[in-house]
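Visitor: Hi! Could you walk me through this structure and its ligand site?
Guide: Happy to. Let's bring it up and start with the pocket.

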Amino acid sequence: MPQQYRLQRERMIEWLRAHYRISDERVLRAMAEVPRHRFVPEALQSNAYGDHALPISANQTISQPFIVARMTELLEVNADSKVLEIGAGSGYQTAVLARVAGSVFAIERIAELAREAQRRIRELGIYNATVKCFDGTLGWDAHAPYDAILAAAGGPDVPEPLLAQLKVGGRLVMPTGQSRESQRLVRVVREEKGFAREDHGACAFVPLIGRYGWNEN
Ligand code: SAH
């Protein structure tokens with residue numbers, strides 16, 4: 001992995017640890033290695049390690065580093081895990097997941113973003129993640145069931161197909177809420193019978209648009 005911006009990356013990790021209390025060392029190591037500046041528009045590269053989201057193309061955003069760390073930590077994945085990601089966007093979260101999980105199947109509804117995300121990931125020599133373009137609210141049945149599912153866009157509720165594609169014992173993390181602009185971060189754990197749901201606080205993501213999400217307009 002490139003050494004450029006290494007200092008900024010290390011400072012970001014220290015901030016995640018000290019201020020946000022991220023403690024999963026595997027997640028912190030992955031974020032120390034993935035060059036976040038390669039996932040943002042060139043003009044914004046020097047801001048890539050700040051404590052905020054940034055705009056990418058097609059009116060979408062790359063999530064704040066803290067949110068990426070928190071969601072990844074909540075998924076509790078290891079090198080054997082198979083992960084489904086909805087809303088690959090820039091591909092940054094995909095790259096982080098690929099460093100902590102066994103395999104990652106990522107979906108992005110905007111073709112241009114999906115193509116770019118896949119290209120960046122390959123350029124970094126990551127081969128255990130695939131990005132495809134379609135409606136992620138339907139999940140990706142061909143590779144189900146998953147140990148973990150992450151959605152980086154906010155919908156009115158957790159899409160039924162995603163619950164159906166989660167293994168027993170598996171974790172799903174996604175923002176949900178009745179408004180398109182602000183949500184609660186929820187974690188759903190599949191149990192033998194039914195699902196346990198936890199609230200992990202307020203958040204603000206771009207809308208999840210699709211069959212089991214919001215309408216286009
Ligand atoms: N984790 C990404 C965040 C991208 S923002 C990153 O770090 O860059 C969320 C993304 O979800 C947007 O790119 C948006 O196009 C995508 N999205 C919204 N609804 C979707 C759907 N139904 N299926 C797949 N992707 C979707």
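**Pocket and ligand**

Guide: This is a predicted model. Its largest pocket has a lining of 34 residues, and T61, G87, A152, A153 and V206 lie nearest the pocket's centre.

Visitor: Which elements give two or more residues to that lining?
Guide: Those are the strands β2 (61-62) and β3 (82-86), along with the helices α3 (65-75) and α4 (92-100).

Visitor: And what volume does the largest pocket have?
Guide: About 520 Å³.

Visitor: How does the lining split by class?
Guide: The lining of the largest pocket has 20 nonpolar residues, 10 polar ones and four charged ones.

Visitor: OK, switching to the ligand. Where does it sit?
Guide: The ligand sits in that largest pocket.

Visitor: Which residues come nearest to the ligand?
Guide: There are 25 residues around the ligand, and S90, E108, D135, G136 and I209 come nearest. By class, this shell has 13 nonpolar, nine polar and three charged residues.

Visitor: What does S90 do in terms of polar atoms?
Guide: S90 places a polar side-chain atom 2.6 Å from an oxygen atom of the ligand.

Visitor: And which residues have polar atoms by a ligand nitrogen?
Guide: D135 has a side-chain N or O atom 3.0 Å from a nitrogen atom of the ligand. For R109, a polar backbone atom is 3.1 Å from a ligand nitrogen atom.

Visitor: How much of the ligand's accessible area does the protein cover?
Guide: On its own the ligand has 580 Å² of accessible area, and the protein covers 99% of that.

Definitions and conventions:
Residues are numbered from 1 along each chain as its sequence is written. This is a predicted model: local features need pLDDT of at least 70, side-chain atom pairs count only at pLDDT 80 or more; totals for chains, interfaces and linings use all residues. Side-chain values use heavy atoms; hydrogens and water are left out. On a 1 Å grid over the protein atoms alone, a cavity is a set of points where a 1.4 Å probe fits but cannot get out, and a pocket is an open set with protein on both sides within 12 Å along at least five of seven lines; lining residues have an atom within 4 Å of a point. Grid points are joined across faces, edges and corners, and a volume is the space filled by probe spheres set on the points. Helices (H or I, at least four residues) and strands (E, at least two) are DSSP runs, numbered from the N terminus. Ala, Val, Leu, Ile, Met, Phe, Trp, Tyr, Cys and Pro count as nonpolar, Asp, Glu, Lys and Arg as charged, and the others, Gly among them, as polar. A residue is near a molecule or strand if one of its heavy atoms lies within 4 Å of it. A polar contact is a pair of N or O atoms within 3.5 Å; within protein, one must be able to donate a hydrogen and the other to accept it, and residues adjacent in sequence count only if both atoms are side-chain atoms. Accessible areas come from the Shrake-Rupley method with a 1.4 Å probe; for residues, only the protein chains shown count as cover. A molecule sits in a cavity or pocket if more than half of its atoms lie within 2 Å of its grid points.
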